[in-house]
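Please examine the structure shown below. This report considers selected features of its strands and aromatic side chains.

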Amino acid sequence: MKLRQSCDRALRRAAAVLCGAAISLAAIPHTILPSHAAGQKPTSVVSSDIGLVGNLFSISGSDAADHAQLQWATTLKADNYILYRSTTPEDGFEPVYQGGGTSWDDNSMELGKTYYYQLAVTTDTQTLYSSVKTLEPSALPQGLNTYDNQKGSGLVYETSGYRVGDTYYSYSLKSHPGSNDIYLAETTSNDGRRFGNERNVADSSQNADLASCKIESVHIDYVAAKNKVVVWAHWEQPSGYNDGKALVITGTPGGSFTVHHVYNPLGIQVRDMAIFFDDDNAGYLIAAANKPGQGANATMYIFRMTDDYSGVTEIVTTLFEDQYREFPNLIKRNGYYFLFTSQAAGWYPSSGAYSVTDDLYGDWSELRMIGNTSTFSSQSGWIVNLKDRNYLMHAYRWVKGTGTSGTTLCPLYFDNGFAFYDYCPSFLYSTSTGDLYPVQQGELLSQDKPAAASIAADPKYPPYRVVDGNYNNSFIADEDHKKWPFYLQIDLEQVCELANIQTSWNIVKGSEAYYTYTVEGSTDGITWTKLLDRTDKNDDTISNTYGFNSDMLTGRARYVRLNVTGAVPHNNPNNNWYTPRVYEVRIYGTPVQKAELPMPAVEYDFETVNGTAVPDLSGNGGDMQLSGQAALAQDPEKGAVLLLDGSANTYGALPVGLLDGCHDYTVIMDARSESDGDFFTFTSGQDRDQYLFFKIAKDHFRFQTTVDTWRGETGLRYDLDGTKWHRYAFSVNGSTARLYIDGNLVAEEPTLTTHAADMGKNQVCYLGKSLYEEDANFNGAVDHLAVYRQALTAAEIAALAAPSQTGALIGDVNADDVCDVLDLILLQKWLLAVPGIRLTDSNAADLDQDDDVDVFDLAYLKREVLRQ
């Protein structure tokens with residue numbers, strides 16, 4: 001006996017045709033406004049252990065800063081945050097984000113409105129709040145300059161140098177051509193733009209150590225209160241780094257200069273260094289140094305300078321002992337001292353961090369991570385002050401590809417003793433006004449979207465961590481099943497024009513690796529198009545980029561797949577010993593249309609007309625072949641169902657090759673079971689060596705997949721009462737299996753080691769039959785069976801489950817307590833914008849529960865009406 005595919009499939013197609021006009025007239029979805037009361041009031045009692053910053057940014061090509069990024073941090077032990085937003089300061093605060101991320105983008109701002117944000121941080125014992133932050137989107141000011149982080153550019157200053165009276169002075173340490181000497185050059189200008197009249201103000205005539213040397217970590221500043229130029233720099237012999245000395249020069253603009261020292265301050269070797277002048281003009285030297293017996297740069301020292309800045313008088317404190325931090329930079333902001341440093345990593349990118357205190361002589365915080373783990377393929381550097389209004393982290397890219405930027409400048413923000421910076425491909429700024437607006441290539445599309453990996457994940461580090469908005473979280477492959485290549489796949493849940501993908505990779509200090517990869521996109525999860533190819537190891541923009549990549553994209557997709565082909569350690573390029581690990585993937589672009597609910601590859605409702613299966617209305621075959629005693633029967637709850645009595649040779653055969661090549665799939669069915677023991681309810685595979693199956697027993701659900709018989713099985717189990725009707729939705733997305741019962745996620749397993757795609761072509765697919773000959777057949781009943789060659793999202797599965805669970809009121813758009821064809825007609829007319837037509841109950845029309853009423857809800861309603 002053959003069963004034709006359900007007419008639901010045809011109805012979906014018919015809905016698309018029937019509502020063609022509706023799509024054109026109602027391209028913008030009708031949003032259902034929340035029915036709950038106004039939101040909560042802001043909390044006035046705030047915690048000093050929470051920092052929250054918000055900054056406006058612009059989308060490339062826009063003339064407005066009408067998007068916002070919110071970033072937060074806390075010293076509290078918490079991994080759950082709720083961000084509230086309101087357009088009034090007194091009340092109306094509604095949650096806009098909840099999760100474990102540490103950032104969120106607001107893409108729904110309007111010009112002319114003011115927005116207020118407050119963060120709630122929940123610990124094991126209490127909920128604490130940040131202060132309220134205010135943002136007001138606005139048009140971009142005229143005359144801003146652009147800095148390009150992708151290709152590199154220089155900051156544009158209206159004037160430079162130090163102004164003393166009517167003259168501008170500029171200073172630099174230089175060498176004479178063909179010489180290893182060092183001298184301090186002074187140039188002057190009347191307008192701060194054009195400098196000349198170079199004067200040698202300090203050289204080896206004052207100190208022979210300047211005749212042959214090399215200089216790094218140069219810091220030159222002007223203390224206006226004392227009219228003094230102060231120069232400190234790291235001095236070494238022309239070769240090697242064994243001396244660790246400081247060069248100290250001071251002088252008066254236009255006057256005399258003195259070389260005070262080339263020495264080890266207080267007998268201590270110093271290398272990377274910075275100088276800082278406090279509000280009282282006291283000077284401090286901050287230097288990566290080492291205590292006796294330590295390696296270079298093992299400990300950070302802060303020294304107090306003499307009153308004339310020509311030396312040091314004491315050690316204020318030592319920090320980060322044996323942590324090997326470099327490139328210090330100290331800034332004071334709102335009463336807090338922030339000391340930024342980088343991890344020592346030679347010339348390779350490294351992680352940035354900072355420590356904070358309100359007293360230089362007091363206690364300092366532990367190092368706090370900032371940015372991503374590679375400072376966006378750079379080394380944390382010095383701070384650019386834009387008129388005390390905004391700041392930039394000026395990080396250096398010592399290893400870089402041809403035509404790429406040698407620096408990475410990240411907007412830097414402060415709040416309550418916390419500091420934040422993030423990457424943007426470019427930003428708009430003015431050094432004369434202090435304006436600063438990051439520019440992204442589009443909206444952030446990927447945060448908290450469904451993510452999957454092709455390889456088994458360490459259960460503590462599942463794939464979703466790459467899209468959680470937290471640079472310190474990561475996906476890590478299961479150590480016992482790690483393999484290359486692998487992919488990460490993100491479902492944007494809408495079709496988007498893609499513009500930029502930013503990937504934060506894992507790099508290991510001392511054996512830093514670059515990655516080779518491609519990016520593919522798909523609108524349906526089945527057909528894929530290559531959007532980017534970064535696999536050519538001869539391309540130095542690939543082989544000289546470590547820790548972070550920002551790639552421009554062109555293409556339209558709902559699903560984005562990052563195919564990682566390899567990691568190449570610089571010190572052992574032929575031995576990829578890395579465990580697959582990725583910290584964050586951020587995809588930017590523009591949503592263009594709501595994603596369609598994927599079409600099932602096969603779908604059966606087992607309905608009867610005069611005792612005969614409903615004929616196939618889709619016209620594409622895919623029949624199920626029934627064997628043995630398999631037959632349609634009437635069930636008191638479900639109506640017509642497929643009954644499988646467990647007798648020998650009783651099963652349904654689905655089309656051969658149904659899951660061939662699949663890494664992702666979903667099986668949905670209503671079922672009840674009278675089975676126990678060994679049996680399969682659903683299976684696809686070749687034989688007893690290569691298969692996947694799930695079984696619905698009287699007391700549990702169990703799934704397994706393998707290409708090595710039962711010995712290689714991985715899967716999941718969930719206990720339940722299987723003798724009752726339930727809607728089972730089982731999805732596999734890469735290495736992650738998820739089980740939904742009646743629309744609710746009840747079990748998840750991210751460590752699958754085999755896929756349907758690993759089992760070859762022409763796989764058999766059965767309902768009720770095992771691939772082990774000795775097993776029993778399934779004893780139970782099945783209804784509404786659908787198999788998809790995609791992994792449906794939780795929202796899609798909930799939408800498919802909702803009508804069957806919630807009864808007639810769902811879909812009752814005319815509010816007559818019945819869901820019938822009259823509701824179908826009303827909804828269709830409303831979508832076609834027929835004059836005078838309105839929905840009596842718009843909430844009942846949102847069948848897919850996505851807060852929009854559109855043609856997809858019409859398709860669901862057609863299904864529900866048919867089932868009655």
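This is a predicted model: local features need pLDDT of at least 70, side-chain atom pairs count only at pLDDT 80 or more; totals for chains, interfaces and linings use all residues.

## An open antiparallel sheet

An open sheet is formed by 4 strands, arranged in the order S22-S23-S24-S25 with antiparallel pairing. From one strand to the next, the twist averages 25°.

Strand S24 comprises residues 299-305 and runs antiparallel to S25, to which it is joined by 6 bridges. Across this pairing, Tyr301 has Thr318 of S25 opposite it.

## Aromatic pairs

The model contains 48 aromatic pairs, counted with ring centres within 6.5 Å. One of these involves Tyr604 and Phe606: their ring centres are 6.3 Å apart and their planes meet at 20°, so the pair is stacked, the limit for stacking being under 30 degrees. Both Tyr604 and Phe606 are buried.

A single aromatic cluster brings together Phe475, Trp484, Phe486, Trp505, Tyr515, Tyr517, Trp577 and Tyr578.

## Charges over aromatic rings

Two arginine side chains are described here. Arg368 places its charged end over the ring of Phe418, at 4.6 Å from the ring centre. The ring of Tyr471 has the charged end of Arg586 over it, 4.1 Å from its centre.

Definitions and conventions. Residues are numbered from 1 along each chain as its sequence is written. Side-chain values use heavy atoms; hydrogens and water are left out. Two strands pair if DSSP finds at least two bridges between them. Helices (H or I, at least four residues) and strands (E, at least two) are DSSP runs, numbered from the N terminus. Axes are lines fitted to C-alpha atoms, for helices over the stretch in contact, and angles run from 0 to 180 degrees between N-to-C directions. Rings of Phe, Tyr and Trp (its six-membered ring) pair if their centres lie within 6.5 Å; planes under 30 degrees apart count as stacked, over 60 as edge-to-face and the rest as tilted. Buried means under 20% relative accessible area, exposed over 50%, partly exposed in between (1.4 Å probe, protein chains only). A charge sits over a ring if NZ of Lys or CZ of Arg is within 6 Å of the ring centre and within 35 degrees of the ring normal.
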